[in-house]
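Let's take a quick tour of the charged pairs in this model.

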Amino acid sequence: MHRTLLLAKIHHCRLTAANPDYMGSISIDKSLLDAAGILPYEQVQVVNMANGERLITYAICAPAGSGAIELNGAAARLGMKGDAVIVMAYAQFTPEELKTHSPKVVLVDERNQLVQIRSYNELLTAG
């Protein structure tokens, strides 16, 4: 049996734009996608910390180093520039893989620039 668990998240990044006229998805700085191990077109869940909205979409690459986190299409109605969001990806794991899995957490600064990459377990034990 496989189980679905959090694979990685980009924590507390800020929306830099909301583009309702753009074809759907969320544009994310390629550097952050790479750091999290999230692939272009991979399904992600986005949680808006400002208003509680949750949505599922897919990630597309914004230029590396740009800090871009942009809701596109219908999703743009669920957030606005400046809102803090968490972007999460999930994966299927075997019982054997579960024994050593710890989700990757990408931490960013106020401009969505990479600060550090930690495992979830490291963050929990750090206090």
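## Where the numbers come from

This is a predicted model, so to speak of local features takes pLDDT of at least 70 and side-chain atom pairs count only at pLDDT 80 or more, while totals for chains, interfaces and linings use all residues. Residues are numbered from 1 along each chain as its sequence is written, and side-chain values use heavy atoms, with hydrogens and water left out.

## K30 and D34

How many salt bridges does a search of the whole structure find? It finds four, and one of them joins the side chains of K30 and D34, at 2.8 Å from N to O.

Both residues sit in helix α1, residues 30–36, four residues apart, which is about one turn of the helix. Helices here are DSSP runs (H or I, at least four residues), numbered from the N terminus. K30 is partly exposed at 35% relative accessible area, and D34 is partly exposed too, at 48%.

## E122 and R118

The side chains of E122 and R118 form a salt bridge as well, at 3.4 Å from N to O. E122 is partly exposed, with 38% relative accessibility, and R118 is partly exposed at 24%.

Note on methods: Helices (H or I, at least four residues) and strands (E, at least two) are DSSP runs, numbered from the N terminus. Buried means under 20% relative accessible area, exposed over 50%, partly exposed in between (1.4 Å probe, protein chains only).
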